[in-house]
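This report looks at how two parts of one chain meet. Please keep the sequence and the model at hand while reading.

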Amino acid sequence: MITYLLKYYDQMLILLLEHLYLVCLSMMISLLLAIPAGLLIARSKWLSTAALSFFGVVYSIPSLALFSFLLPAFGLGKMTAVAVLVIYNQYILVRNTVTGFQSIDASIIEAGYGMGLSSRYMFFKIQLPLALPIILGGIRIATVSTIGIATIAAVIHAGGLGVLLFDGLRMNYLPKILWGTILSSLLAYLANHLLLSFETKAIEKARGECRGDTV
Amino acid sequence: MINESIAYLLLNIDKYYEAVIVHIEISLAAIAVSFMIAVPLGIWCSKNGSVSYSVINAFTILRIIPSLAVLVIAMPILGTGFVPALFALTLLAVPPILINTYSGFRNIDPSVLECAAGMGMNAGKILFAIEIPLAMPLILTGLRTSATEVIASATLASYIGAGGLGDFIFTGIGMNDIRILLIGGMSVALLSVLTEVSLTAVQHMVTKYQRD
Amino acid sequence: MARTAIEFRNVSKQYANTSQYAVAGVNMRISEGSFITILGTSGSGKTTLLKMVNRIYEATSGEILYFGESIKNLKIEEYRRKIGYVIQQVGLFPHMTVEENIGTIPQILKWDTDTIAKRVDALLELVCLSPREFKKRYPRQLSGGQQQRVGLARAMAADPDIMLMDEPFGAIDAITRQNLQEELIRIQRKLNKTILFVTHDVSEAFKLGDKVVIMHEGEIQQFDTPYGIISKPANEYVARLIATQDIVQRLKVLKAQSVMLPVDAQVSDRAFRVGTEESLHNILTYFLEHDQNHVLVEDGGRGVVGKITWEQLKVSTRQGEILSA
Amino acid sequence: MARTAIEFRNVSKQYANTSQYAVAGVNMRISEGSFITILGTSGSGKTTLLKMVNRIYEATSGEILYFGESIKNLKIEEYRRKIGYVIQQVGLFPHMTVEENIGTIPQILKWDTDTIAKRVDALLELVCLSPREFKKRYPRQLSGGQQQRVGLARAMAADPDIMLMDEPFGAIDAITRQNLQEELIRIQRKLNKTILFVTHDVSEAFKLGDKVVIMHEGEIQQFDTPYGIISKPANEYVARLIATQDIVQRLKVLKAQSVMLPVDAQVSDRAFRVGTEESLHNILTYFLEHDQNHVLVEDGGRGVVGKITWEQLKVSTRQGEILSA
Amino acid sequence: SSDQAKGNKVTIKAGSKDFTESLILGELYSLALEHAGYKVERKLNLGSAIVHNSLINGDIDFYPEYTGTGLLTVLKEAPKFDSKEVYQEVSAKYKEKFKLIWLDPSAANDSQGLVMSKRAAEQYQIRTISDLQKHASQIRFASQGQFDERADGLPALVKVYGSFDFKDRRLYDNGIKYDVLHNDKADLAVAYTTEGELSKDEFVVLEDDKHVWPPYNIAPVIRQDVVEKHPEIKDILNKVTAKLDNKTVIMLNAEVDIKKREYNEVAKEFFNTIK
Ligand SMILES: Nc1ncnc2c1ncn2[C@@H]1O[C@H](COP(=O)(O)OP(=O)(O)OP(=O)(O)O)[C@@H](O)[C@H]1O
Ligand SMILES: Nc1ncnc2c1ncn2[C@@H]1O[C@H](COP(=O)(O)OP(=O)(O)OP(=O)(O)O)[C@@H](O)[C@H]1O
Ligand SMILES: C[N+](C)(C)CC(=O)O
Ligand SMILES: [Mg+2]
Ligand SMILES: [Mg+2]
């Protein structure tokens with residue numbers, strides 16, 4: 001295993017960076033789409049069920065099928081991979097966003113609107129921070145999923161750690177499998193760690209600090 | 001194309017029938033097991049800030065390992081078939097429930113908890129009568145995410161001879177045969193919608209109090 | 001004549017899944033610059049009424065006008081910003097400090113940072129909270145009454161023309177409350193604000209309100225001056241409500257003028273003199289505290305115009321059906 | 001002599017990240033069966049004090065005893081169940097109907113369903129809410145005052161020996177409030193409950209409390225009977241607080257006995273007779289409402305023992321430094 | 001002509017499927033092109049379901065394909081069993097339908113086969129598919145889905161050898177079939193006749209005694225416009241294909257799959273021996 005590392009560390013590093021790039025890019029795009037969408041549909045029970053069912057169906061399309069479906073539009077490479085990852089992510093992100101917005105105390109929303117805050121202000125300054133712990137929970141799940149799913153991007157020549165993993169699986173070669181696993185897990189660990197610390201901050205912030213006096 | 005799919009389906013109806021049942025069995029088992037692991041763990045984490053980091057991290061990382069790799073690595077121990085499929089799916093399904101349970105508990109209005117404690121409810125009673133119901137919308141959110149994911153991923157049971165609708169999907173993909181792929185894909189999608197709708201109904205029921 | 005700031009035209013509101021109207025057929029005109037207090041049974045629709053004014057709830061039927069214009073036609077956020085709203089549940093933003101809570105609207109209006117900081121300090125002082133101590137705290141770190149006062153300060157931050165105040169002093173102690181009442185009256189007079197103020201404290205309602213609205217089961221029972229309400233309660237419910245005030249309290253709304261015995265223009269009596277607007281309550285207090293049983297009523301320009309004796313006070317108390325409610 | 005139900009021994013509480021004590025060095029004994037009202041500046045530590053009694057917060061230093069036993073040694077849940085707690089923020093369980101909220105503790109105590117249902121109905125009636133209409137509602141569907149009353153009913157559900165009530169009537173209208181006050185006194189007398197009752201309404205505090213605690217900046221300023229407080233305010237703060245009540249209000253705590261002029265045993269006067277415990281406030285009201293200027297004071301067994309005239313009332317009002325606060 | 005290419009530095013986009021053999025071949029062809037002065041952009045390792053579409057889309061210019069696969073999976077024609085016939089049919093139809101050119105086919109034939117663990121083969125005395133048919137009811141079959149459906153798979157066998165009533169038949173991923181055999185979870189699996197594992201002593205390929213398998217000769221499929229612009233590419237690639245026979249391909253596969261070396265090293269090493 002160590003010999004493998006010593007021999008191929010440069011390739012592994014490239015794959016790792018490619019993976020990181022895929023994940024970051026698709027997470028960013030996903031968030032830009034999912035959070036406003038979540039807010040929008042959170043207002044209607046009917047709409048949110050319909051939308052979430054739809055994303056659920058999309059989520060259950062096997063990635064390979066989705067790839068071949070999107071290839072004509074985006075071609076081989078990172079674009080298609082990112083598109084697929086973004087599509088999958090909507091499911092988790094939109095769901096948690098909806099739940100997050102729905103769980104804010106009604107009297108706070110009322111006070112805000114009653115003061116004449118614009119929807120935009122309410123969204124960015126009140127609802128988002130208050131729903132943030134839950135949204136961040138969703139982001140965490142989604143990021144980790146994305147790190148996992150991004151491995152299949154290898155199939156369409158989008159690079160990333162999937163190359164290592166699937167090569168390893170195909171050759172039935174443990175060092176490759178393990179390194180692929182270790183590197184993607186490392187990525188997941190770091191992402192999770194980072195997001196969890198944001199989340200804890202967000203929770204504290206949303207509650208107005210301080211806990212711990214209560215028995 | 002749909003007609004061809006149906007023709008193929010009728011020809012292989014026994015196989016299909018069995019695949020659906022196996023798929024549902026594996027999914028249900030994985031969801032149930034994950035739920036039983038993740039909810040208590042999530043509750044525990046929400047009350048033990050210091051460990052929550054490590055526990056949640058650990059499970060999230062396990063989830064990253066591609067299921068196929070899990071299966072390959074676990075084959076010498078778990079063999080092939082139902083058990084390793086269940087194992088791999090459980091790893092997938094735990095984190096969403098875990099994380100959402102955790103947030104659900106942390107999100108409860110402290111004044112309500114204070115009241116409950118002040119009334120002399122013991123920890124168990126507070127847990128079951130107050131905290132779990134109030135965290136339930138989020139727990140269910142996690143459950144829905146997991147359920148959809150499990151149903152979609154239960155196709156991997158086909159990697160290791162455990163059957164299920166994945167048999168149709170992989171055969172379809174391997175042969176580049178849309179008919180077969182459609183049968184598998186549509187069935188999985190249908191299961192996923194059914195689950196979504198029924199869990200939404202449950203969630204609707206437990207959040208009745210939020211509406212006028 | 002003052003313009004009509006807010007007019008209710010046959011406004012009703014029914015919540016989903018309820019058989020009764022929370023607010024039923026309300027007609028009312030509120031003049032600009034008036035201080036209206038609202039009294040009523042718990043559950044009688046006071047909060048609902050206020051919330052319809054700033055369109056938190058839409059009326060089921062009827063129409064509300066803001067300076068003659070249906071509020072449905074106004075740009076909702078701009079309209080709401082002209083209205084300060086103190087909500088019954090306080091509703092502070094839990095993730096913002098006291099300072100940030102109060103500064104929300106000024107910030108939106110792009111006041112400069114310095115002005116905002118000064119305004120926040122001034123408002124905190126106004127509601128009897130030390131800025132230094134409380135500015136940086138989060139709502140959770142405040143007592144109930146402190147939270148309520150921050151809510152009050154927040155509603156006043158951008159100097160709205162109209163204030164909707166839903167039991168704003170409910171959780172505040174008597175001394176602070178007295179200060180706040182006086183501040184509020186001062187501000188209202190000075191800046192000609194229109195205020196709708198819900199309270200459960202009958203004497204507070206009479207003390208603050210130019211006019212008092214009395215609600216019961218969704219309907220307005222009476223909309224009149226304090227004197228009008230005490231002297232002619234419109235119905236049995238109103239009578240019962242003011243009966244919770246003892247007779248002595250009710251003397252507060254009776255003016256010297258209305259009961260005095262006329263006297264000759266030239267009186268050289270050295271007795272204590274009161275204005276024509278002095279309340280009978282104060283005159284009674286004077287009697288209790290001094291070895292005298294009469295006072296003279298003086299009308300600024302015209303000199304002494306009347307006289308009130310202990311016996312006359314008693315007679316008028318008894319005569320006024322007003323007080324026998 | 002009644003036993004001591006709750007004793008504070010040098011109890012202090014400081015919140016994290018604050019420089020001041022929220023409660024500082026409180027010493028106090030509360031007898032079983034007494035009704036203690038707590039008045040004080042907003043932010044003076046009243047809520048904190050109550051919360052330490054049922055161990056929602058732990059005291060930073062000092063000790064609280066329940067019938068002589070440190071509350072730290074008691075089984076916390078059992079102990080808390082003996083204590084009804086009405087929290088300032090109401091804190092109803094949002095996912096339970098009114099009925100379920102009230103029935104929570106009886107259910108834990110495994111009362112049978114029928115008994116619980118009857119109890120819920122009775123409590124709802126008690127707090128002036130129609131069971132038929134409100135039983136099945138969720139907290140969100142209630143007005144502010146209705147929520148507060150459900151909170152009250154919930155705290156009383158299992159008939160606790162001790163009640164901690166944090167501004168329980170803050171959002172309730174005057175008529176309902178009067179009913180509730182009377183119910184509460186009746187229950188307390190009948191069942192010998194010990195009640196700690198925070199309020200901002202000074203006259204409510206004097207009306208309900210056997211003894212009144214006055215707090216300011218975390219410290220107890222005075223702990224005495226209403227009469228004691230009005231007649232000898234311990235310091236400037238207390239004096240200012242009761243000054244918010246007008247002099248006539250303060251007459252409420254003075255008894256006929258304490259100011260009457262002695263009379264010969266045999267009086268055939270047909271004047272109105274009052275008991276020795278009658279408040280001067282009521283006697284003043286009598287004077288105002290009738291064409292008479294004196295009443296006789298009668299002591300059940302002993303017949304007429306004294307007489308109070310209007311002039312005597314004035315004298316005693318003036319004499320009592322009590323009232324010159 | 002290679003000078004001309006050198007001057008222009010023409011870029012060719014090479015593809016391959018996502019299994020060892022295809023990767024090695026893709027790399028091998030790429031090396032040959034580079035040696036001749038072309039620049040090669042490698043887009044190897046594409047999913048089998050994707051690669052054909054990518055070629056049509058122009059994401060890649062060529063990739064190594066198998067004649068049988070072209071006939072049955074891509075064109076969805078009925079199976080044929082003669083190598084030449086198959087080659088001619090796919091050449092003609094690809095050109096007509098897709099504007100794609102099949103270059104010369106290899107001698108190597110990566111056909112389907114059935115493989116058993118030696119243990120099971122010895123236990124039941126199975127050497128040929130005919131033997132297998134007799135003992136089918138004692139055999140656990142690790143299939144991989146498409147084999148059961150493909151016209152050249154089980155249906156073809158059944159037609160010639162009679163029905164196979166396996167004791168047990170489950171689907172496994174192609175990547176783990178040798179593990180399944182190794183771990184005794186099954187006795188029989190579908191093999192491809194050039195797989196590296198077949199060089200191991202542990203597995204036995206059954207003899208196709210009644211000759212039912214269609215041929216799977218390797219050839220690069222290339223876009224017509226590319227060949228027309230750079231006709232010399234034909235020769236460059238054909239030269240490589242000419243060196244490929246079963247023994248060579250199995251050896252190359254084994255270097256990667258058994259010895260766990262990187263496919264590009266293996267390809268390079270081999271290319272150096274033939275250039
Ligand atoms: N969690 C907290 N962290 C820091 N300070 C707090 C916290 N809770 C209360 N305080 C402070 O402690 C003091 C006492 O608060 P407490 O709630 O006991 O007051 P109170 O007498 O009940 O006031 P009110 O009448 O306004 O309800 C206040 O100054 C308050 O700001
Ligand atoms: N969301 C709701 N759904 C159903 N009924 C409601 C809802 N909100 C309020 N009500 C009912 O409408 C009536 C009026 O409520 P409202 O809150 O306006 O009363 P209020 O006068 O403000 O009372 P309070 O003094 O107790 O705050 C009450 O009977 C209440 O139970
Ligand atoms: C390796 N085979 C050629 C058998 C499989 C394929 O068609 O891709
Ligand atoms: Mg209200
Ligand atoms: Mg308090």
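The model is a predicted one. In chain C, the domain assignment gives domain 1, covering 4-245, and domain 2, covering 249-319. The centres of domain 1 of chain C and domain 2 of chain C, taken over C-alpha atoms, lie 36 Å apart. Where these domains are in contact, 8 residues come from domain 1 of chain C and 4 residues from domain 2 of chain C.

The size of an interface is often expressed as the accessible area that is lost when the parts come together. Between domain 1 of chain C and domain 2 of chain C about 580 Å² is buried, and carbon and sulfur atoms give 75% of that area. On the side of domain 1 of chain C, the residues that lose the most area to domain 2 of chain C are Tyr227(C), Ile230(C) and Gln245(C), which together make up 75% of what that side buries.

As for specific pairings, the count of salt bridges between domain 1 of chain C and domain 2 of chain C is 0, and the rule likewise finds 0 residue pairs in polar contact across this interface, with both residues at pLDDT 80 or more.

The helices below each supply at least two residues of the side of domain 1 of chain C that touches domain 2 of chain C.

| Helix of chain C | Residue range |
|---|---|
| α8 | 202-208 |
| α9 | 226-231 |
| α10 | 236-243 |

Of that side, α9(C) gives the most, with 3 residues. The residues of the side of domain 1 of chain C that touches domain 2 of chain C comprise 6 nonpolar, 2 polar and no charged.

Note on methods
Residues are numbered from 1 along each chain as its sequence is written. Chains are lettered from A and ligands numbered from 1 in the order in which they are written. This is a predicted model: local features need pLDDT of at least 70, side-chain atom pairs count only at pLDDT 80 or more; totals for chains, interfaces and linings use all residues. Side-chain values use heavy atoms; hydrogens and water are left out. Domain bounds come from an automatic or database domain assignment. Contact means heavy atoms within 4.5 Å. Buried area is the accessible area (1.4 Å probe) that two parts lose on being put together, summed over both. A salt bridge is a side-chain nitrogen of Lys or Arg within 4 Å of a carboxyl oxygen of Asp or Glu. A polar contact is a pair of N or O atoms within 3.5 Å; within protein, one must be able to donate a hydrogen and the other to accept it, and residues adjacent in sequence count only if both atoms are side-chain atoms. Helices (H or I, at least four residues) and strands (E, at least two) are DSSP runs, numbered from the N terminus. Ala, Val, Leu, Ile, Met, Phe, Trp, Tyr, Cys and Pro count as nonpolar, Asp, Glu, Lys and Arg as charged, and the others, Gly among them, as polar.
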